[in-house]
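Please read the following briefing alongside the sequence and the 3D structure. The interface comes before the fold.

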Amino acid sequence: MIHFESLRSLKTGENATIFKVTAMGEMGRRIRDMGLVPGVSVTMMGRAPLKDPVEIKLKGFNLALRNNEADHILIQQPEINSHDC
Amino acid sequence: MIVDNIRIALAGNPNSGKSSMFNALTGARQHVGNYPGVTVEKKWGQASLDGLKIDVIDLPGTYSLTAYSQEELVARNFIIHEKPDVVVDVVDASNLERNLYLALQFMELGVPVVIALNMMDVATDKGIEIDAEKLGKLLGVPVVPTVARKGKGVKELLAVAAETAALKQGWRSLDISYGSDVDQALQRLVGKFNGQSLAWSPLSPRWVGLKLLENDPEVMRQVQQDPGLANELGPLQTELLDHISKTLDDDPAGVIADYRYGYINSVYRQAVQETRQQRLEVSDKVDKLLTNRLLGPIILLAVLYGVYEFVFWASEAPVGWLEGLFGWMGETMSATLGDGLLRSLIVSGVIDGVGGVVGFVPIIMFMFFAIAIMEDSGYLARVAYLLDRVLRSFGLHGNSVVPMIVGGGISGGCAVPAVMATRTLKDPKARLATIMIVPIMNCGAKLPVYVLLISAFFAAQQAEMMFAITLISWGLALLAARVLRWTMLKGESAPFVMELPPYRMPTLRGLLIHTWERTWSYIKKAGTVILGVSILMWAMMTMPGLPEDQAAQWDSKIQAAQSEEAKQVLEYGKGQAELGNSIAGRMGRGLSYLTAPLGFDWRTNVALVGGFAAKEVVVATLGTAYSLGEVDPEEAGSLTQRLAKEPGWNPLMAFGLMLFVMIYAPCFVTVAVIKKETGSWKWALFSIAYTTGLAYVLALLVYQGGRVLGLG
């Protein structure tokens, strides 16, 4: 079993690939509507002054989401990837 | 070949340049209204191509076509029910993959689609090379490269749309694979439609099946209307959803979305070449500064303060001109018409009423202009980003701060434009909560009341009192929001997930069009209600007049007055008697049992009733009620001295009264706008009821509590 981190744990400037979106219902739909689906590469751009929401970049555009939404997005970071292969 | 009466529906993601495209297509020939039954704005206009008139309907900007948001449902239902000849989907070429997600859903639906590949210049700058022709072939729909802001490709787009419409090819849904599990499930669902598919035209059974697997509430409701079909589909839907969730360990709607993106990704890789690696763009560098932990909030405060200052500075002169104009009209009418009820009706009822509506226009115009700049430049999204954490604790949204500031967060705003400014809020519950609390902020009309009471009772601590009043209004507004979101507006907040569009220089044309259409919609909608209520308020304050014998007594006394001064005193006395005898005066007396524990007598009550017209009327009415004539709210010196000496008035009661004026019933212009913005009288009336209730309780606590503590 590999442990996948949530998008919340990504540090500013870091890159990762989305592995799974666990949100259901309306939140799941909104997250996916914005292009956050497995296989997509995301970069953490920064955090709001109170550490929430976060700003990420994917496919050339920027997106803000709350921490509790980022928690539903599981990511795979490049170094974890290389250990795995 | 070209046909007559072509109808184009313009669709696209927010920030895709759809508004610019609509403006480029229709020029100044635009109309604004609402979709029936919802508060979503509907815009339509006419384009012309070689003498041919083409109707263009601007659908709300959406990322998807689910039934979760009002905008998406409105867009989808418009296409299904109104069957436009062609949907022109404006996609942002520099952000193609996500934009194609919506395009793909139009193609699944089956309506004829033309893609406007917009912002080609931005894409080129970013090193994205798109083979438009190949993209069109792969997707099976015409693709036209455009730069709407500069008007490039707009004519070509119209020509292609007209050609596509002329083909009358009918609806053809695009059937892509969603993986074997979903595909098999779809097949089984479609099987249940045998012979019934015509009834669902133009929707294909596969699309209906797809929506059932996505758990689409709207389509499920429609299926329910056909009990035969519902009995067949219902159990099967449950079974299939259960099966897919178990085998794939995922939400079926999620699986479907993933396959959509998979399809888009394969098209994208074939038609697009990215010649440059992603790099930090200029916009990202600006963002680093504007959302910086320390500088971000400081710049934000400066910007919000700047907006506020700009709106009220720029509108000051035009508001003055309008006041002058209506004042002149009132005087002219007074001079022309003889003394009597008709003159009073026309001057105090009609002219003052219309003047009230029109007087707000400059403020609304400049406020919308400022907000349009923030919106079109991309900064508004950052405001939400920076403040969301704080405002979320109160059940609000990051963008709630703009209406709160405009409404009087820095003393002297106005609730009318503030309520209208909540349109930028996408979370319906947070928006309603914001609308409900904005009237608590200290609008400009409350200031004369504060100034009067502070200078009469707190002359030594004027600045401190004003500051305290400002803090109290923020605190109460936020608390009221919190309570509303725990009770009337209970429920999870909508997902925040929000695009932070790249910073762009707004176009003047876009700004002017935005400003004008919003301003016009205020004049049109609010105007009718306000004139009626204004006349009603006038009637309450004037009628019934004094009984004839009493009036005659006053008149003979006035006639017999020895000096001008004595005459004026008597005239003011008559005014007081008239007010006391009016409906409002009787209400004031009737309410005095209720307000005695607050320390308010009938004269305060009648002033508060008058304040429903506009809060500054409280000052003028108090003047009449204390036989000082109609006091000019700006120069209330005589009233200040009078109240300071008046028995029953003391600092404690005055403080309670200030609180009461801050909170109680929004003025009726605001109420009319709340009705318009929420689409329901229920919320409009609630906004009067809860604020008045809250005002009463707080003023009571202050007065009675203060007396217990020996302050009164």
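About 3,800 Å² is buried between chain A and chain B in this predicted model, where buried area is the accessible area (1.4 Å probe) that two parts lose on being put together, summed over both. Carbon and sulfur atoms give 52% of that area. In chain A, R29(A), P49(A) and R66(A) lose the most area to chain B, together 20% of what that side buries.

Conventions
- Residues are numbered from 1 along each chain as its sequence is written, and chains are lettered from A and ligands numbered from 1 in the order in which they are written.
- Local features need pLDDT of at least 70, side-chain atom pairs count only at pLDDT 80 or more, and totals for chains, interfaces and linings use all residues, while side-chain values use heavy atoms, with hydrogens and water left out.

The interface
- The contact (heavy atoms within 4.5 Å) takes 37 residues from chain A and 46 residues from chain B.
- There are 8 salt bridges between the two chains, each a side-chain nitrogen of Lys or Arg within 4 Å of a carboxyl oxygen of Asp or Glu.
- R32(A) forms a salt bridge with D250(B), and their closest N and O atoms are 3.3 Å apart.
- On the side of chain A that touches chain B, the largest share, 8 residues, comes from α1(A); helices (H or I, at least four residues) and strands (E, at least two) are DSSP runs, numbered from the N terminus.

Strand pairing across the chains
- β5(A) pairs with β10(B), residues 498-500, in the antiparallel sense over 3 bridges; two strands pair if DSSP finds at least two bridges between them.
- In this pairing, L63(A) stands opposite E499(B).

The fold of chain A
- Chain A has 3 helices and 6 strands, in the order β-β-α-β-β-β-α-β-α along the sequence.
- Of its 85 residues, 56% are buried (under 20% relative accessible area, with exposed over 50% and partly exposed in between; 1.4 Å probe, protein chains only).

Around β3(A)
- β3(A) is largely enclosed by the rest of the structure, because 5 of its 7 residues are buried.
- β2(A) and β3(A) pair in the antiparallel sense over 3 bridges, and T17(A) stands opposite S41(A) in β3(A).
- β3(A) and β4(A) also run antiparallel, joined by 5 bridges, and T43(A) stands opposite K57(A) in β4(A).
- The hairpin of β3(A) and β4(A) has 6 residues between the strands, and there K51(A) takes a positive phi near 70 degrees.
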